[in-house]
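User: I want to learn how to read a structure feature by feature. Can we start with a charged residue and work outward?

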Amino acid sequence: PMVMSNPFTTSIVLDRSDEGWRNALTSRYFMYPVHVSTSFLMTKGLHSAMYLLLLRLLYRDYEAVFYLAKSISCDSPFSEEGKQIFKAFSNANDDYHPNAHACRLKISLASF
């Protein structure tokens, strides 16, 4: 939801009642192994990488988004689950920070 009192908040409120979202996903959660160095998460597949990228973008972690964007490039069309996650990226379209624009461009290039 739109936050009027603190427009640059990094708080994320998930809407778990969206039937379209739940029906499109094959898994209700993703588990991310933590690297031995405990400095980053590892993704297991395209959809988990896309979801982590979405959460990082909504959290406004632009540097992590920029480096993680290359992990969502693939040479085949997205499945229904991938399309649903990619559609959720539009929730970050109201972020007008210059770095957010750069991240959206990088995501666009990676998914082209």
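User: Is Arg 60 buried, partly exposed or exposed?

Analyst: Keep in mind that this is a predicted model. To class a residue, compare its relative accessible area with two cut-offs: under 20% is buried, over 50% is exposed. Arg 60 has 21% relative accessibility, so it counts as partly exposed.

User: Where does Arg 60 sit in the chain?

Analyst: Arg 60 belongs to the loop between H2 and H3. Its backbone deserves a look too. Arg 60 is not a glycine, yet its phi is positive, about 65°.

User: Which other residue has a positive phi without being glycine?

Analyst: Thr 38 is one, with phi near 55°. Thr 38 lies in the loop between H1 and H2. At 63% relative accessibility, Thr 38 is exposed.

User: Which residue pairs with Arg 60 in a salt bridge?

Analyst: The partner of Arg 60 is Asp 95, at 3.4 Å from N to O. This pair links distant parts of the chain, 35 residues apart: Arg 60 comes from the loop between helix H2 (46-58) and helix H3 (62-68), and Asp 95 from the loop between H4 and H5.

User: Is Asp 95 buried or exposed?

Analyst: Asp 95 has a relative accessible area of 3%, so it is buried.

User: What does Asp 95 touch, apart from residues up to four places away in sequence?

Analyst: With those set aside, Asp 95 touches Arg 60, Tyr 62, Ala 100, His 101 and Arg 104.

User: What about the salt bridge of Arg 22?

Analyst: The side chain of Arg 22 meets that of Glu 19, at 2.3 Å from N to O. Check sequence separation next. Both residues lie in helix H1 (residues 19-24), three residues apart, which is about one turn of the helix. Arg 22 is partly exposed at 33%. Glu 19 is partly exposed as well, at 43%.

User: And which residue forms a salt bridge with Glu 80?

Analyst: Lys 83 does, with the closest N and O atoms 3.5 Å apart. Glu 80 and Lys 83 are three residues apart in helix H4, so about one helical turn separates them. Glu 80 is exposed, at 55% relative accessibility. Lys 83 is partly exposed, with a relative accessible area of 45%.

User: What is Leu 57 in contact with, leaving aside neighbours within four places in sequence?

Analyst: Leu 57 is in contact with Val 65, Phe 89, Ala 92, Cys 103 and Ile 107.

User: Which residues make a nonpolar surface patch?

Analyst: Ile 12, Leu 14 and Tyr 59 make a patch of about 270 Å². Ile 12 sits in the segment before H1. Its relative accessible area is 35%, so Ile 12 is partly exposed.

User: Zoom out. How many helices and strands does the chain have?

Analyst: The chain has five helices and zero strands. Read from the N terminus, the order is α-α-α-α-α. The radius of gyration is 14 Å, close to the 13 Å that the globule rule gives for 112 residues, so the chain is as compact as a globular protein of that length. The C-alpha trace spans about 35 × 35 × 30 Å along its principal axes.

User: What share of the residues is buried, and how much accessible surface does the chain have?

Analyst: Of the 112 residues, 29% are buried. The accessible surface is about 7800 Å², and carbon and sulfur atoms account for 58% of that.

User: What share of contacts joins residues at least 24 apart?

Analyst: Take contacts between residues at least 6 apart in sequence: 61% of them join residues at least 24 apart. The link between Arg 60 and Asp 95, 35 residues apart, shows what a distant pair looks like.

Terms used. Residues numbered from 1 in each chain as written. Predicted model: local features only at pLDDT ≥ 70, side-chain atom pairs only at ≥ 80, totals over all residues. Heavy atoms only, no water. Buried < 20%, exposed > 50% of the residue type's maximum accessible area, 1.4 Å probe, protein only. Contact = heavy atoms within 4.5 Å. Salt bridge = Lys/Arg side-chain N within 4 Å of Asp/Glu carboxyl O. Helix = DSSP H or I, 4+ residues; strand = E, 2+ residues; numbered from the N terminus. Patch = residues over 30% accessible without salt bridge, like charges linked within 9 Å, V, L, I, M, F, W, Y side chains within 5 Å. Areas by Shrake-Rupley, 256 points an atom, 1.4 Å probe, with all protein chains shown as cover. Rg over C-alpha atoms; globule rule 2.2 N^0.38 Å.
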